[in-house]
Amino acid sequence: RLVGFALFIIHRSSFIVDAMMLARVRAAYEKFLEAVVILLMATLAIEVTVGVIFRSSGHSLVWYDEIASILLAWLTFYGSALAAVKRAHIGCPEVMALLPPGVKVAFRIIAEVLVIAFFALIAWVGYSILDVLATDHLVSLPDIPVNYVQSVLPISAVLIIIAEILTLPAVLAQARAAEGAHIAATGEGSH
């Protein structure tokens, strides 16, 4: 019994250490994505301000609006990765709350698998089109290839997959905790 108890404590403490390590990795990843998004927002704000100043002075920059559009798209994609790691995307918590506890866990797993599969597809297709776009260049800045600009698709898709994987244990633990709370409150359980 003592050996079994010791093994249980060792297993439990390694799980807690792993959970703490994962939480630290997730927090560092979130800070990294926040820095990227802030950098993109600041760059976009500066670029638009400079463009407006030049346009007001009668010396429009030919690349201003094309680069602003690209920066906005990049901000959207990298911001989506940040939202994924914060679990801030739109969901249906009311629908999930209506489901029985066991079904809730199953739906969480199915939803996570579908999200990861979708972004894996986006990453693969996004990477595939980079070769097709290798010969195209921006209109206003012909030295910049379009595949560089469009690399945001596979990169952000991979960042979102990483975010989903990093938050998956907490999501499943939350769903299981809801299952445990339901069982304790109602006395229902699997027999």
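**Reading the core and the salt bridges**

Me: Which residues is tyrosine 78 in contact with, leaving aside its neighbours within four places in sequence?

Reply: Contact means heavy atoms within 4.5 Å. On that basis, tyrosine 78 touches Val36, Val37, Leu40, Val152, Ile155 and Leu159. This is a predicted model, in which local features need pLDDT of at least 70, side-chain atom pairs count only at pLDDT 80 or more, and totals for chains, interfaces and linings use all residues. Residues are numbered from 1 along each chain as its sequence is written, and side-chain values use heavy atoms, with hydrogens and water left out.

Me: How many residues has the largest nonpolar core?

Reply: In soluble globular proteins, nonpolar side chains tend to be buried together. A nonpolar core is a set of buried Ala, Val, Leu, Ile, Met, Phe, Trp, Tyr and Cys residues joined through side-chain atoms within 4.5 Å; buried means under 20% relative accessible area, exposed over 50%, and partly exposed in between (1.4 Å probe, protein chains only). Here the largest core has 25 residues, and Tyr29, Leu33, Trp74 and Tyr78 have the most contacts inside it.

Me: With which residue does glutamate 112 form a salt bridge?

Reply: Side chains of opposite charge can pair when their charged atoms come close. A salt bridge is a side-chain nitrogen of Lys or Arg within 4 Å of a carboxyl oxygen of Asp or Glu. The partner of glutamate 112 is arginine 87, with the closest N and O atoms 2.7 Å apart. Glutamate 112 counts as buried, at 5% relative accessibility, whereas arginine 87 counts as partly exposed, at 34%. Arginine 87 also forms a salt bridge with glutamate 164, at 3.0 Å between the closest N and O atoms.
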